[in-house]
Amino acid sequence: MQTNATPVIRLEDITKVFFTDDVETHALNGIQLDIRPGEYVSIAGPSGCGKSTLLAIMGLLDAPTAGGYWLSGQPVAALGANERADIRNREIGFIFQAFNLIGDLTIFENVELPLTYRGLKAAERRERVLEALERVGLSHRLKHYPSQLSGGQQQRAAVARALAGRPAILLADEPTGNLDSQNGGMVMELLQQLNAEGATICMVTHDPRYAGTAGRIIHLLDGRIVEETAAAR
């Protein structure tokens, strides 16, 4: 990890308020957080504490109500939806609990799809897809469909889809939530390996076993960071 490098993510006094009828729900309150290149950070806390809201803002899926956000040194908090989508496609890789693979596309096509939105030429797309599938151990399954893979293999395909974009940061939202303990452990080992190779990872989890695989744990409670601890890896 490059401890003196400019943070790939910097959040300053991030607040998120949801308005429903006459009710205000304060999901995040005054979040201050830096994530530097090569870090592996886990965001932990009880259900409803704001973990997924924080990850959505970090991933430019949502905008904060107030506060500053810098991604790779660029201010992004006040960008419009189209600008956020463009940066998201170039800078951020997502790994979701539900895999979000498209059932009528092959694994190769699933991994390739986000790259087509960038206008990359077919040869470069193929090179990136094959490299990503090789890294997650699925190069022999590229012609299979999601329904032909186990849950663990589908999640590894989702990791490959994120990797193919060569993002500045990987955001994982409960990546083991739909997996049994064996497959969950395999996915966590893969994330640790990717981090050892230099990937910057931020993971939301409610499972203390998996939170401890990160280098740093951010503890949320009621929309605030209440503690930061260094994990024993």
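A crossing of two helices is left-handed if the near helix is turned anticlockwise from the far one by less than a right angle, and right-handed if clockwise. This is a predicted model, in which local features need pLDDT of at least 70 and side-chain atom pairs count only at pLDDT 80 or more, while totals for chains, interfaces and linings use all residues. Residues are numbered from 1 along each chain as its sequence is written, and side-chain values use heavy atoms, with hydrogens and water left out.

**View 1. Helix α5 packs with helix α6.** α5 covers residues 151–164 and α6 covers residues 181–196. Helices (H or I, at least four residues) and strands (E, at least two) are DSSP runs, numbered from the N terminus. The packing angle is about 20 degrees, and the axes lie 9 Å apart. Axes are lines fitted to C-alpha atoms, for helices over the stretch in contact, and angles run from 0 to 180 degrees between N-to-C directions. α5 and α6 are therefore roughly parallel (angles under 35 degrees; over 145 is roughly antiparallel, 65 to 115 roughly perpendicular and the rest oblique). The crossing of α5 with α6 is right-handed.

**View 2. Residues of α5 meet residues of α6.** From α5 come Gly152, Gln155, Arg156, Val159 and Leu163. Their counterparts in α6 are Asn183, Met186, Val187, Leu190 and Leu194. Contact means heavy atoms within 4.5 Å. Six of the contact residues are nonpolar, three polar and one charged (Ala, Val, Leu, Ile, Met, Phe, Trp, Tyr, Cys and Pro count as nonpolar, Asp, Glu, Lys and Arg as charged, and the others, Gly among them, as polar).

**View 3. Strand β1 pairs with β2 and with β4.** Two strands pair if DSSP finds at least two bridges between them. β1 (residues 9–20) and β2 (residues 23–35) run antiparallel, joined by nine bridges. Lys16 has Leu28 in β2 as its bridge partner. Two residues separate β1 from β2 in a hairpin, and Asp21 in the turn has a positive phi of about 55 degrees. β4 (residues 66–71) is also antiparallel to β1, with five bridges. Here Thr15 is bridged to Ala66 in β4.

**View 4. Arg128 sits in helix α4 (residues 122–135).** Arg128 counts as buried because its relative accessibility is 10% (buried is under 20% relative accessible area, exposed over 50%, partly exposed in between; 1.4 Å probe, protein chains only). Leaving aside neighbours within four places in sequence, Arg128 contacts Leu115, Arg118, Leu120, Ala164, Gly165 and Arg166.
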